[in-house]
Structure formats: structure tokens, C-alpha cells
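Subject: Structure handover and findings

Dear colleague,

I am handing over the structure below, followed by an account of what was found in it. Please read the account with the coordinates open beside you.

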Amino acid sequence: MINKKAVVLLQFGGPDSLEAVEPFLYNLFRDNDIIQFPGGKLTQTIFAKGISKLRYKKLQQKYSEIGGKSPIVERTFQQQNALQKLLDQKFGEGAIHVELAMRYWKPFTESAISSLISKGISDIVLIPLYAQYSITNAGSSYNEWDKVKKKVKGYI
């Protein structure tokens, strides 16, 4: 059976290792929904590189104190699995697929969209996993979804 419906859980994501802290920070600070610099992408990129280099070692230490990675990634995968199990029980196995789209670390929005395309899914509900709506969290995830879907070949 080809899945035709999906629920996509939107989340910030987090570094999944100590080596991922710096690129995670770079992705976060490069997002102009979080902070905007005059001069556009160039100054935003320079800022993101600078601040991530400046802050990553201190944050690596903090992450090492809690197991060397962000717990949000594992918790979100647990939520995905629990929701998938519930939807399979309620609507039948494979009727609704649950996918993750993390904003600043893996699995990125682009991989979520590519996965949905490969499964032939065209009916999608986006569910942000943030405590409240803000342009800096859910808004940024929605903006990223729209931007990526326009450039991904084969988007339904």
C-alpha cells in the first residue's frame, strides 16, 4: 500500500554528538527568522560563522555533561514512534505516515520532503512541537518548509 497521507512533526532539533554542536549553532544563527542583520545573507553568514566558533566549545562542555548530545532528538523520535503506533492502530498500518523535519539539525526538512516524495505522499499535515507560536520557532519551520518544497524536485 502506498502512503497517501502524512503527519510531519516540526522541531528545532539539536546536536546528536559533540562534533555536531558547531554546525548546529551555525545553522541556528544563520536563520534570519531568529536574528536579522543588515546586508542580507552575507553578513548573516559571517555572523553565524563567528558566533558558532565563539560559542561551540562552551556548549560542547554543557552537552558533554548531559550525555554528549541534545535529548530533544531522541525524545522527538520517541514521539514520532508513539504517534505512528497510535495512527497505525486507529487507521490501519501504513494509512498515515509520520515524518520528522528538524529545523537546525538532522533529519532536516529537505530529507523529510524527499522521503515523502519517495513514498508518494501528497496529503500532509504539519504539526509544530513548540510550546507556543513564534516566528523564531514554528514560523521559521513553516518558512523553511515552504522554501525547501519550492526547490526540491518532484515535490507534490
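Three strands make up an open sheet whose order is E2-E1-E3, with parallel pairing, where two strands count as paired if DSSP finds at least two bridges between them. E2 and E3 stand at the edges with a single partner strand each, so one side of each is left without a neighbour in the sheet. On average, and with direction ignored, neighbouring strands of this sheet are turned by 25° against each other; the axes behind such angles are lines fitted to C-alpha atoms, for helices over the stretch in contact, and angles run from 0 to 180 degrees between N-to-C directions.

Two sentences on the basis of all this. The model is predicted, so that local features need pLDDT of at least 70 and side-chain atom pairs count only at pLDDT 80 or more, while totals for chains, interfaces and linings use all residues. Residues are numbered from 1 along each chain as its sequence is written, and side-chain values use heavy atoms, with hydrogens and water left out.

As for the overall layout, the protein has five helices and three strands, which follow one another from the N terminus as β-α-α-α-β-α-β-α. Helices (H or I, at least four residues) and strands (E, at least two) are DSSP runs, numbered from the N terminus. The C-alpha atoms fill a box of roughly 50 × 35 × 25 Å along the principal axes. Of the 156 residues, 40% count as buried, where buried means under 20% relative accessible area, exposed over 50%, and partly exposed in between (1.4 Å probe, protein chains only). Among the contacts with a separation of 6 or more, 71% are between residues 24 or more positions apart, a contact being heavy atoms within 4.5 Å.

Returning to the strands, E1 pairs with E2 in the parallel sense over seven bridges, and E1 pairs with E3, again in the parallel sense, over six bridges. Val 7 has Val 98 as its bridge partner in E2 and Val 125 as its bridge partner in E3. Val 8 is bridged to Glu 99 in E2, and Leu 10 has Pro 128 as its partner in E3. E1 is mostly covered, with six of its seven residues buried. In E2, seven of the seven residues are buried, so this strand is largely enclosed by the rest of the structure. Ile 96, Val 98, Leu 100 and Met 102 point one way from E2, whereas His 97, Glu 99 and Ala 101 point the other way, and all are buried. In a regular strand the side chains alternate between the two faces of the sheet.

The helix H4 (residues 109-118) has Thr 109, Ala 112, Ile 113, Ser 115 and Leu 116 buried. These residues cover an arc of only 160° around the axis, which puts them on the same side of H4; the arc is that of the directions from the helix axis to the C-beta atoms. The buried residues of H4 pack against strands E1 (5-11), E2 (96-102) and E3 (123-128) and against helix H5 (135-151). Just after H4, Gly 120 takes a positive phi of about 70°. H5 itself lies across E1, E2 and E3 and runs at about 155° to E3.

The largest pocket holds about 600 Å³ of space. On a 1 Å grid over the protein atoms alone, a pocket is an open set of points where a 1.4 Å probe fits, with protein on both sides within 12 Å along at least five of seven lines, and lining residues have an atom within 4 Å of a point; grid points are joined across faces, edges and corners, and the volume is the space filled by probe spheres set on the points. The pocket is lined by 22 residues, of which Arg 30, Asp 31, Arg 103, Glu 144 and Lys 147 lie nearest its centre. Helix H2 (41-65), H4 and H5 each supply at least two residues of this lining, and the largest share, six residues, comes from H5.

Finally, Lys 62 lies in helix H2 and, at 47% relative accessibility, counts as partly exposed.

Best regards
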